[in-house]
Structures are given as structure tokens and as C-alpha cells.
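Please read these notes with the sequence and the model side by side. They go through the points one by one.

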Amino acid sequence: MLPRARAWGLALGLVVGCAPARDEPAAPREPTASSDPKRTVAGAFVPPGPRQRRDAVGSLEGLRGPDRRVFEEGEGLFHPVPQAGPGDWLDEHAERFQTFDDYRTHRTIHPDANRRAIYLVEIGEFPPGSSPSVDALARYVSTYFALPVQRLPPLDLPTLAVDARSSEGRIQLHAKQILERLRERKPDDAFTLVAITMFDLYPDEDWNFAYGYADGATQVGVFGFARLPTDPAQQLQRSAKTLTHELGHAFGVSHCTHYHCVMNGHNHEEEGRRAPMHLCPVDLRKLHHSIGFDPVKRYRRLLEVDRALGFLDEARWLEERLRQIEG
Ligand SMILES: [Zn+2]
Ligand SMILES: [Zn+2]
């Protein structure tokens, strides 16, 4: 039997990632008592109520009209983070409730005039028909973060020279070693450099696999799409969602514990599938603070890209949201 995967997000919150593999059902556990209202309790997660969600967005004093409504919950388009069922992320992992004020106070690394590009580099092949279009992903990410996306020449395995192993019929690459190679290659104008690959990943010998691995301190990460659906439309949508979730971590956004949101942690495929592609008001405000985009213009551009890429459910959500914000 393969060892159980361990949870991400240790090491002072600098190393983040998602969705450890599980190869056995979770053993029933007693809820861990906690007196810290700023943390969730594994096994006894209680979704926050309207007041706690509103407080997490922070004070909107001084904001008027669309500038204010963009960070307000409104009616019917945002939902609380779901109650965690057995085996779900928040059933197994304690997370900190990262409010907007926490983020603004503690996160000091942001893109600036000299370092604002998101760099993408492919590891190995992305054969058309069996892998997502990297051009489409680059377009989506650039619109989502309202930042330029640059590409580095693809890296092949001999050049990369990292450990690899075979597991469950897949070749897996050592994710931590990939991060070391990326740090050496990070261009001066890069805010973040992320590698994407159709190979599977493992960050340590005692993990089964990982969808991704990132270092928030040096803003490098690697994300593997080997386990995503093979249907082309679903594959593109899921890889776009995975990439934006992981890039959210590169901007210092923790797993969302307030809303059903692209930044929710996920422990298994179904949890990743059902998460929305959009950011909740709390996390939108964090990225707005970090990047400084115009949220309404960003929504409009994202609507065009979602339509062009066939993310039609998300496009409909954006149409509704723009109607709410613009009145
Ligand atoms: Zn994550
Ligand atoms: Zn969120």
C-alpha cells in the first residue's frame, strides 16, 4: 500500500499546494477542540455566517457605487463554503480564516513596476488533443490576474535533470527539485514563474502524488495536469481552474474558508470539480489589493475570455454579477 499523503501548507505557510492523494478512507476521528476563533477545526468545521463573511471582506467605508458593490456579497451569486463531508478538505485540515485585513497586514510581497509578469514554462510535451492549449491557459491567466503573461522555452526532462519515479502507471517528477530549477531560471521581471506539465508530480518520497507545489516566498510553482479529465473541454476548464487556484497562492492567498470559491482546498477530484472558477469577495479584494486592477473591467474581460474558451457556466455567472454591480 502506498503511504498516505501528507497535508500541504506547512513550513510557515510559505510552501503551499493542494489536493494530496488519498489511498484509503479517512479513519473516524474525534473533533480537535480549539479555542482559536481564527482557525477552522478539522472534523468539526462550521461554515461562517453572514456576519463573519462580511467582516472577512473588511470595511468598505468610503467606497461607493460599483466600487463598493464589487466587494459586497449581493443576492444569490455567492454561497458559503459548503459543510465539509467525510474526506473533504476542511474535514481533514485545520485552516486559518484569512480575512482581507489579515492579508493586507501580513502580505508584503506584491507585483510592482519592475516585477509584474507571470511566466509560464512547459515541462515536457503538451500534445494537441490530449492536453490543454497552453495559449488558451496563458490568455485565461493573463485576464484573470490582469497581468502580462510571458512564456519561456519548454524544458525537456534531460535539461531539467530532476528525480523521477513510476507510480500507478504514471511517470512522476520530483516537484521540490523542479522548484530549485525554476528559481535559477526566474527572469528579473517575473513576479512569478510557474511550470506546467502533463507529468504527474510528487514533492517527497512519502507522498502519493500532488496536483501542484509552490513556494510563496520565491513565487515559483509547478502544476501537473496528469490527473485531470481527458475530455478536451473539461480538461481545459479544470486546468485553468487549477492554475488560477495555485497562482492565487503565489500571491499569498490562503485556502478560502469563507465562501465556495476557487481558493477552497480540495482533497479529492469531486471537491475540485465542484468548486467555482471565480474568487469570492474576500479573495477578490486580496488580489485587488495586491495587483491593483479595475475589478469591473477585469470581470468584463474575463467574460469575453470565458465565452471564447467555452466556459459558459462561468460566463453566465459573470453576466449576472456584472448586472448586480452595475445596477
Ligand atoms: Zn491550494
Ligand atoms: Zn474565497
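**Notes on the model**

1. R170 counts as partly exposed because it has 15 C-beta neighbours inside 10 Å. The classes work as follows: a residue with 20 or more other C-beta atoms within 10 Å of its own is buried, one with 12 or fewer is exposed, and anything in between is partly exposed, with C-beta atoms placed from the backbone. R170 lies in strand β5 (residues 170-174). Leaving aside residues up to four places away in sequence, R170 touches D200 and A226; a contact means that the C-beta atoms, placed from the backbone, lie within 7 Å. R170 and A226 are 56 residues apart in sequence, and 8.4 Å separates their C-alpha atoms in space.

2. This is a predicted model, in which local features need pLDDT of at least 70 and side-chain atom pairs count only at pLDDT 80 or more, while totals for chains, interfaces and linings use all residues. Residues are numbered from 1 along each chain as its sequence is written, and chains are lettered from A and ligands numbered from 1 in the order in which they are written.

3. The protein chain has 12 helices and 9 strands. Helices (H or I, at least four residues) and strands (E, at least two) are DSSP runs, numbered from the N terminus. Of the 327 residues in the protein chain, 41% are buried. Among contacts between residues at least 6 apart in sequence, 70% join residues at least 24 apart.

4. Which residues of helix α1 (residues 50-57) are buried? They are R53, A56 and V57. Seen down the axis of α1, the buried residues fall within an arc of 105°, so they line one face of the helix; the arc is that of the directions from the helix axis to the C-beta atoms. Their cover includes α4 (100-106) and α10 (281-291). Just after α1, G58 has a positive phi of about 90°.

5. Strands β2 (residues 117-123) and β3 (residues 149-155) pair in the parallel sense over 5 bridges; pairing requires that DSSP finds at least two bridges between the strands. I123 has L155 in β3 as its bridge partner.

6. In strand β8 (residues 212-215), G212 and A214 point one way and Y213 and D215 the other, and all are buried. In a regular strand the side chains alternate between the two faces of the sheet. β8 pairs with β9 (residues 220-224) in the antiparallel sense over 4 bridges, and Y213 has V222 as its bridge partner. The hairpin has 4 residues between these strands, and Q219 takes a positive phi near 55° there.

Definitions and conventions: Contact = placed C-beta atoms within 7 Å.
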